[in-house]
Amino acid sequence: MKDVYILAIESSCDETSIAIIRNGKEVESLSISTQMKTHAVFGGVVPEIASRMHTENFTYVLEDCLNKSSVGMDKIDAIAVTYKPGLLGSLLVGVEFAKTLAYVYHKPLIKVNHLIGHIYANALENELKFPLLALVVSGGHTELVIMDDDYSFKTLGATMDDAIGEAYDKVARVLNIPYPGGPGIERLAATGQNTYNLPRPVMDETYNFSYSGLKSSIINLVHNEKQRGNEIKQADLACSFQTVAIDELCRKLEIGLKNTGIKNVIVAGGVSANNYLREEIKKSCDKYEANLSIPKLLYCTDNAAMIGAAAYPLYLKGEFTDYSLNAESQANIC
Amino acid sequence: MKTLFIDTHLWNICIILFQDGKVIKKEEIIDKKNNSELLFPILTKVIDNEEYEEIIVVNGPGSFTGVRLGVIIAKTLAYTQQKPIKVISSLECMAISSGGKEVAFSDNNGYYLGLFDDNFKVIEYKYIANDEIINYPDAKVKVDLDYEKIYNFCLTKKNVNPHLVNPIYIKKIGVEK
């Protein structure tokens with residue numbers, strides 16, 4: 001069969017990224033322009049600034065991506081773009097940029113859900129084996145999903161309040177850890193002990209997650225200790241938080257493995273870059289003799305390669321979109 | 001010579017194809033909020049089966065998102081098709097069309113104001129509160145754009161590297177204040 005080359009575009013948050021992907025798995029070229037340092041000054045992503053920087057960066061990122069690859073635009077079979085979920089203004093810049101490329105080069109346009117992109121980041125390394133359990137962990141989502149085939153999703157459970165990444169960010173703020181908070185907590189936790197007795201989120205046998213109670217208990221604890229004039233052991237608190245937060249993910253995953261008998265697990269989303277999570281999920285999978293796939297760190301955070309991987313099954317099915325494509329800020333996997 | 005003109009700086013969108021300075025095709029969207037759905041389809045109505053040699057884009061100020069969408073499309077067309085591109089501001093368009101040296105338009109929260117010299121060179125752009133507009137009694141606030149005058153004015157402008165074609169915003173955002 002002829003090779004399929006997809007040029008993929010991602011701009012849902014603070015990364016401007018373009019990639020060329022062959023057959024949904026080989027990364028021919030990947031360019032990422034990150035705005036992290038700009039937003040760090042403000043303690044978080046400023047949506048208007050993100051949109052402005054995407055507008056400034058896209059043609060440069062395209063030039064860089066094409067220069068790194070031997071595949072020219074003539075060989076590209078389709079243009080793929082993230083259209084949901086994310087920052088609306090940022091998504092729109094990417095969507096209109098993608099339409100322009102599709103128009104100029106006469107290529108079909110494929111719209112991709114960013115969350116499904118994170119799932120297909122795993123396809124860049126190993127072929128997805130179905131059925132599988134996908135654990136999606138990001139700033140906006142915490143979900144356990146069954147996939148029986150490409151683009152067949154059934155949600156077992158999801159967070160009832162905050163996402164795990166959101167809890168990391170908020171706890172980081174309480175502990176005065178600079179943006180981005182997740183990696184900061186992880187580094188701090190590695191030097192501490194699990195000494196604070198924090199409440200376990202949802203001690204039941206459902207697949208529901210909850211992180212707002214855990215977050216609130218830390219905010220209250222820090223507040224109370226300050227009032228009493230007691231010092232907070234930052235590293236110990238970070239470690240205690242991380243232990244409870246990730247143990248809960250593992251516990252729910254294990255319930256899923258036990259109940260479904262599924263033997264393939266993939267992890268997706270920005271929080272999958274967390275090393276403690278990677279180690280603990282591996283232990284859970286080993287316990288149930290399940291195969292585990294977690295993307296390498298480069299593909300855990302936002303990137304266009306995963307969008308190209310997620311676009312490939314849609315290309316094979318001929319699911320193309322037209323120039324009236326709009327962006328959407330909110331979306332679920334299914 | 002044909003020229004593509006893109007103006008998306010407000011909720012009213014205007015895409016024009018000029019031939020030697022005369023408007024030969026024009027598509028507009030008036031007061032619609034779903035511009036991202038409508039913009040590219042009306043652009044294709046204007047440029048399908050047409051060859052144009054250059055692009056002019058209105059790069060603001062105005063609706064932040066509106067300007068950005070016109071600019072990202074225009075600069076990407078120019079970059080990929082290797083066509084020359086020029087920029088003109090929304091306030092220049094108003095001044096050239098009206099002959100006024102002071103022009104302003106409202107975005108409900110305030111006014112974008114442009115002050116020009118006798119040759120329509122920009123003296124200053126600023127964003128002022130609604131009650132400050134009385135300090136500029138000569139400012140023209142309702143202007144019907146004259147696209148052929150705008151085209152002729154652009155003849156005096158230099159081409160811009162497509163990478164460097166970017167919106168001008170003027171109005172400060174929360175974190176800048």
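This is a predicted model: local features need pLDDT of at least 70, side-chain atom pairs count only at pLDDT 80 or more; totals for chains, interfaces and linings use all residues.
Visitor: How many residues of domain 2 of chain A are in contact with domain 1 of chain A?
Guide: Residues are numbered from 1 along each chain as its sequence is written, while chains are lettered from A and ligands numbered from 1 in the order in which they are written. Two residues are in contact if their C-beta atoms, placed from the backbone, lie within 7 Å. On the side of domain 1 of chain A there are 13 such residues, and on the side of domain 2 of chain A there are 16.

Visitor: Which elements give two or more residues to the side of domain 1 of chain A that touches domain 2 of chain A?
Guide: Domain bounds come from an automatic or database domain assignment, which here gives domain 1 as 5-121 + 299-317 and domain 2 as 128-294 of chain A. Elements are DSSP runs numbered from the N terminus: helices (H or I) have at least four residues and strands (E) at least two. The elements asked for are α1 (36-40) and α4 (114-120) of chain A.

Visitor: How many residues of that side of domain 1 of chain A are charged?
Guide: Ala, Val, Leu, Ile, Met, Phe, Trp, Tyr, Cys and Pro count as nonpolar, Asp, Glu, Lys and Arg as charged, and the others, Gly among them, as polar. The side of domain 1 of chain A that touches domain 2 of chain A has 8 nonpolar residues and 5 polar ones, and the number of charged ones is none.

Visitor: Why is one side of β3 and of β5 of chain A left without a neighbour in the sheet?
Guide: Two strands pair if DSSP finds at least two bridges between them. The open sheet of 5 strands in chain A has mixed pairing and the order β3-β2-β1-β4-β5. β3 (26-34) and β5 (109-113) of chain A stand at the edges, so each has a single partner strand.

Visitor: Which residue of β2(A) is the bridge partner of A:L7?
Guide: In chain A, β1 (residues 5-10) and β2 (residues 15-22) run antiparallel and are joined by 6 bridges. The bridge partner of A:L7 is A:I20.

Visitor: What angle does the direction of helix α11 of chain A make with that of β1(A)?
Guide: Axes are lines fitted to C-alpha atoms, for helices over the stretch in contact, and angles run from 0 to 180 degrees between N-to-C directions. Helix α11 (residues 304-317) of chain A packs on the sheet and touches β1, β2, β3, β4 and β5 of chain A. The angle is about 130 degrees.

Visitor: Which element gives the largest share of the side of chain A that touches chain B?
Guide: The contact takes 24 residues from chain A and 25 residues from chain B. At least two residues of the chain A side come from each of α2 (47-67) and α3 of chain A. With 11 residues, the largest share comes from α3(A).

Visitor: Which residue in β5(B) stands opposite B:V57?
Guide: Chain B has an open sheet of 5 strands in the order β3-β2-β1-β4-β5, with mixed pairing. Its β4 (residues 54-58) runs parallel to β5(B), and 4 bridges join them. Opposite B:V57 stands B:V87.

Visitor: What is the mean pLDDT of chain B?
Guide: The model scores ipTM 0.97 and pTM 0.96. In chain B, 100% of the residues reach 70 or more, and the mean pLDDT is 95.

Methods: pLDDT is the predictor's confidence in each residue, from 0 to 100.
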